[in-house]
Amino acid sequence: MTQGQALAEAFADIVREVRDAPLTMAEIAGIVGVKERQVHHWATGTHRPQNGARDALLELRYVVKLLRDVYRPEGVEIWLHSRNPELEGRRPIDVLGDRDFIPVLQAIERLRTGAA
């Protein structure tokens, strides 16, 4: 297996991990800023994300990992799709769709530390 193939497989695992959050392929695409078809290619290991899309996917993976420290998968889904007073009434998934990861990460950190 070449290094490129190994990387593509690693990103396929990351997409599966994020989908288990659960997020749909369309939601992942919206957050990462690509077409849904591209996320399908990543999930099958035929392509790998590049540059900004790669960075956004890795940030999304980090968000999901932190949320899993606080909630079960169904709780993660509810939290991501519910209006949040710490985000000025916006839904975390919409804030992530603007590629604004910091306020979402801060809100999660307050959950984790019991400050929220």
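Asp 69 counts as exposed, at 54% relative accessibility, where exposed means over 50% relative accessible area, buried under 20% and partly exposed in between (1.4 Å probe, protein chains only). This is a predicted model, in which local features need pLDDT of at least 70 and side-chain atom pairs count only at pLDDT 80 or more, while totals for chains, interfaces and linings use all residues. Residues are numbered from 1 along each chain as its sequence is written, and side-chain values use heavy atoms, with hydrogens and water left out.

- Asp 69 forms a salt bridge with Arg 112, with 3.8 Å between the closest N and O atoms, a salt bridge being a side-chain nitrogen of Lys or Arg within 4 Å of a carboxyl oxygen of Asp or Glu.
- This pair links distant parts of the chain, 43 residues apart, with Asp 69 in the loop between helix H4 (51-68) and helix H5 (73-81) and Arg 112 in helix H7 (residues 101-113); helices (H or I, at least four residues) are DSSP runs numbered from the N terminus.
- Arg 112 is partly exposed, with a relative accessible area of 38%.
- Arg 110 and Glu 86 also meet through their side chains in a salt bridge (2.2 Å, N to O).
- Here too distant parts of the chain are linked, Arg 110 lying in helix H7 and Glu 86 in the loop between H5 and helix H6 (92-97), 24 residues apart.

- Asp 13 pairs with Arg 16 in a salt bridge whose closest N and O atoms are 2.4 Å apart.
- Both residues lie in helix H1 (residues 3-19), three residues apart, about one turn of the helix.

**Overall count**

- The salt-bridge rule gives a count of eight.

Technical notes. Helix = DSSP H or I, 4+ residues; strand = E, 2+ residues; numbered from the N terminus.
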